[in-house]
Amino acid sequence: MSAWGPPTTAVEVSVRSGSVRITVGDVSVPAIAKGRATIDDRGLVRAPSGANVDIVCPAGTNVFVATVSAAVVCEGPLGSVRISSTTGRIEVQDCLEADLRTRTGKIVVGTAQRRCRATSTTGSVHVTASPELDVTVTTASVEAGGIVRARVHGAAGGVRLVAVAPGDVDVRTMSGRVDVEVQGDWAPTTDLRATSGSIRDRLPDIDRDGRLQVRTMSGRITVSAS
Amino acid sequence: MSGEVSAAFVFTDLAGFTAFTAERGDAAALALVERFEREVMAVLPPTARVVKQLGDGFFLCYADVPSALASVAALMARCAAVADSDAPLWVRTGVHSGTALARGDDLLGHDVNVASRVTDMAGAGETLVSAEAKAASGVPAAFEPVGPVFLKGIEEPVRLFRLVPERIPATVG
């Protein structure tokens, strides 16, 4: 069984402020490692507002965190990680899949093995590697690598994606640069449209596999191979 | 009209509308809202109504959650099909069920406020629902958990779910 085998445990934390840190350790059930908090046998964590909560859990644990301003750090390997925040920074290092929502907090993801969904108003989104990506931002930059399938909506702010295998990538922006880099000996069919911005398609003239669609109003689109 | 109403409350608006207006101007923004309004009206069943409209947002009231979800799924599909760079119908929607008090044609109450706040958490092309709406949907398998979230003005975290439209049976609604 992989580190992301059938998850049997879950942790749920709701704390308005303070900090939340969740790490994987050699434990059979989630436990409080540090901080003024308690955890019941369902993984429900109770902590006073403003507490700094440090939790250790088995690999593959599903994580739910709700906060207003707490900084949240999740190391891995974890299962499904679902975090909502208003202003707090969200950092997830290694998980099976992630659903992360914030208004102004920055979102940083290392690896999401299966899928990463992120929604942000002004907080930037950085994903090192996720084969499937679904991001909505209002005014924020998006950077993501290891992409096979992606859907990105951004009103303003640059988008930079690195696609690593043929799939379906769809980027829609109103302004800001869109840069898509294709890694490997392949190139997607491109459908690039800019109402008033410029388009540069630098992909090699080879057989096409997969699809890349970009729509922007005033942004500049650049597609390149590496 | 007055008295208590038990219903499904839906708020829907356009992600990125402020940026679109700044980028393309008021006339284009007005045209976009009118396009969105046509799509909203096209999916509204006879038992539902537009309670009010503010800017790019619509407050809709449905007789029950199944009809609301069927309508919302149809709206999302229609808008996704026609969305392009000139008409970015990046629709986001929140659904909650409960009660409200009527004041003329308007509806007021905590559950209405919750529905509005749920919408704030949704991304483009996404429908989020409360636990109450999920429970009343009759299709519990049509949702993925989002988890607890703190909604503005509400003390306790609220558990939200993401609608997966393709999991709604065609007969619902």
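What share of the 173 residues of chain B count as buried? The answer is 50%, where buried takes 20 or more other C-beta atoms within 10 Å of a residue's own, exposed takes 12 or fewer, and partly exposed is in between, with C-beta atoms placed from the backbone.

Before going on, a word on what you're looking at. This is a predicted model, in which local features need pLDDT of at least 70 and side-chain atom pairs count only at pLDDT 80 or more, while totals for chains, interfaces and linings use all residues. Residues are numbered from 1 along each chain as its sequence is written, and chains are lettered from A and ligands numbered from 1 in the order in which they are written.

**How confident is the predictor?**

The model scores ipTM 0.88 and pTM 0.92. Residue by residue there is pLDDT, the predictor's confidence on a scale from 0 to 100. Chain A averages 92, with 96% of its residues scoring at least 70; chain B has a mean of 92 too, and 97% of its residues reach 70 or more. Within chain B, confidence is lowest in α1(B), at a mean of 90, and highest in strand β3 (residues 57-62), at 98. One stretch to treat with care is residues 1-7 of chain A, where pLDDT stays under 50.

**The two chains side by side**

Chain A comes to zero helices and 20 strands. Its radius of gyration is 19 Å, close to the 17 Å that the globule rule gives for 226 residues, so chain A is as compact as a globular protein of that length. That radius is taken over C-alpha atoms, and the rule is 2.2 Å times the number of residues to the power 0.38.

| Chain | C-alpha extent along principal axes |
|---|---|
| A | about 60 × 35 × 20 Å |
| B | roughly 40 × 35 × 35 Å |

In chain A, buried residues make up 49% of the 226. Now for contacts, meaning two residues whose C-beta atoms, placed from the backbone, lie within 7 Å. Among contacts in chain A between residues at least 6 apart in sequence, 29% join residues at least 24 apart. In chain B, residues 24 or more positions apart account for 68% of the contacts with a separation of 6 or more.

**Inside the structure**

A nonpolar core is a set of buried Ala, Val, Leu, Ile, Met, Phe, Trp, Tyr and Cys residues joined through C-beta atoms within 7 Å. The largest one has 121 residues, and V53(A), A8(B), V10(B), L69(B), V95(B) and L160(B) have the most contacts inside it. Helix α3 (residues 65-82) of chain B gives the most to this core, with nine residues. Leaving out residues up to four places away in sequence, the contacts of V95(B) include A8(B), V10(B), L69(B) and A115(B).

Helix α1 (residues 17-24) of chain B has F17(B), A19(B), F20(B) and E23(B) as its buried residues. Seen down the axis of α1(B), they fall within an arc of 155°, so they line one face of the helix; the arc is that of the directions from the helix axis to the C-beta atoms. After α1(B) comes G25(B), whose phi is positive, near 100°.

**Where the chains meet**

In all, 28 residues of chain A are in contact with 21 residues of chain B. Elements giving two or more residues to chain A's side include β1 (10-15), β10 (90-102) and β14 (142-156). That side has seven nonpolar, 13 polar and eight charged residues; Ala, Val, Leu, Ile, Met, Phe, Trp, Tyr, Cys and Pro count as nonpolar, Asp, Glu, Lys and Arg as charged, and the others, Gly among them, as polar.

E12(A) lies in strand β1 of chain A and counts as buried, with 21 C-beta neighbours inside 10 Å. Not counting residues up to four places away in sequence, E12(A) touches G43(A), L44(A), V45(A), F64(A) and P148(B).

Note on methods:
Helices (H or I, at least four residues) and strands (E, at least two) are DSSP runs, numbered from the N terminus.
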